[in-house]
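This report describes one protein chain, going from the whole chain to single residues. Look at the sequence and the model first.

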Amino acid sequence: NKNKNKNKNKNKNKNNKNNKNKNKGNNKSQAPKQDVGNAPFRRVVHQEEAGERRAAPGGGHPHDLPPVRYHRGVVAGELPPPEAGAIDDEERGLCVVLAALVELTYFTTILTCPGYTPLGPGAVKGGGGSSNKGEKGMCKTCDAPKPPRAHHCSVCGRCVLRMDHHCPFTNCCIGLYNERFFLLWVFLVWVGCVYGTWMSWSPFYECIVRGIVGGIDSISPGDLERCTDMGKTVFIFLPTFTLVGFMTILFGWHLMLISQDWTTLEFFRFRLAPLIGQPADKPAPETGRGGVIANFRGVLFPSSPHC
């Protein structure tokens, strides 16, 4: 009888322990609700973890699941969850395609003949002793035929048809035949800068602006670690934002000139110089092809180059 009573007491103790463990598990699973707006952090169960929890046989022990990550609530002006900050394949592909187009238009601008005029008899690049030197319609520097609106480039040593300027970024003249590629290159660089500014603004604001305004204590340790990991993305904002302003002015400037059928050299020589008291040494050339659309068509679809 004594042995039977001992076995009964052991079984009762085991049942009580099991009931207590079950109650503890139920209390843990029923987490108290928190106000997300006031709480600085909230618990986020990722899709992979939720799938494992649903698939756990017999309601497996919570400690068997992978650790749950924490991040700040996703509200306006706060960092997204860690997975949202990573660059996915679509964004990476977009960056690669955009960079390839920028490089393609850049080298196309350099390799396309800007519109050099043919050298006259006895003339050489940079100047020579041709007998036609100084005659009407001939360049006084390189002794080559100089049609209307052509300009002699002192860097290239040649006369260029409808020369706009000698670009320091491409180290070549921008003239009649490569201005369209130059304009496309400027536009693609502007698009890339806008995309870089948009992509890096949120981490720059959270990691730099908020840290300066609210102090370093306003950034949680988790966000500080993420700011360190996203260091390159954070500081992309500074150069891209600066270039957006510069490229916007440059692109708008050339659109304005093309719409009026002017070049940069002609504008400064015949439009701006008289305004500052420096009259031009010769009359302004005849410009305009019959409207804005015709002006753009003449730049974007010129005749085949003969250089």
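**The chain**

The model is predicted. The chain has 307 residues, and 31% of them are buried. Its secondary structure consists of 9 helices and 6 strands. Of the contacts between residues at least 6 apart in sequence, 58% join residues at least 24 apart. The accessible surface is about 20000 Å², and carbon and sulfur atoms account for 60% of that surface.

**Helices H4 and H5**

Two packed helices are described by the angle between their axes and the distance between the axes. Helix H4 covers residues 89-111, and its axis comes within 8 Å of the axis of H5, with a crossing angle of roughly 155 degrees. Angles over 145 degrees count as roughly antiparallel, so H4 is roughly antiparallel to H5. The crossing of H4 past H5 is left-handed. On the H4 side, the residues that make the contact include Leu94, Cys95, Leu98, Leu101 and Val102. On the H5 side, they include Phe181, Phe182, Trp185, Leu188 and Tyr195.

Helix H5 spans residues 179-214 and also contains Tyr205. Is Tyr205 buried, partly exposed or exposed? Its relative accessible area is 33%. Buried means under 20% and exposed means over 50%, so Tyr205 counts as partly exposed. Tyr205 and Phe237 are separated by 32 residues in sequence, while their C-alpha atoms are 9.6 Å apart in space.

**Helix H9**

Which residues of helix H9 (residues 292-300) are buried? They are Ala294, Asn295, Gly298 and Val299. Seen down the axis of H9, these buried residues fall within an arc of 135 degrees, so they line one face of the helix.

Is Arg162 buried or exposed? Its relative accessibility is 6%. The cut-off for buried is under 20%, so Arg162 counts as buried.

Terms used:
Residues are numbered from 1 along each chain as its sequence is written. This is a predicted model: local features need pLDDT of at least 70, side-chain atom pairs count only at pLDDT 80 or more; totals for chains, interfaces and linings use all residues. Side-chain values use heavy atoms; hydrogens and water are left out. Helices (H or I, at least four residues) and strands (E, at least two) are DSSP runs, numbered from the N terminus. Buried means under 20% relative accessible area, exposed over 50%, partly exposed in between (1.4 Å probe, protein chains only). Contact means heavy atoms within 4.5 Å. Accessible areas come from the Shrake-Rupley method with a 1.4 Å probe; for residues, only the protein chains shown count as cover. The arc is that of the directions from the helix axis to the C-beta atoms. Axes are lines fitted to C-alpha atoms, for helices over the stretch in contact, and angles run from 0 to 180 degrees between N-to-C directions. Angles under 35 degrees count as roughly parallel, over 145 as roughly antiparallel, 65 to 115 as roughly perpendicular and the rest as oblique. A crossing is left-handed if the near helix is turned anticlockwise from the far one by less than a right angle, and right-handed if clockwise.
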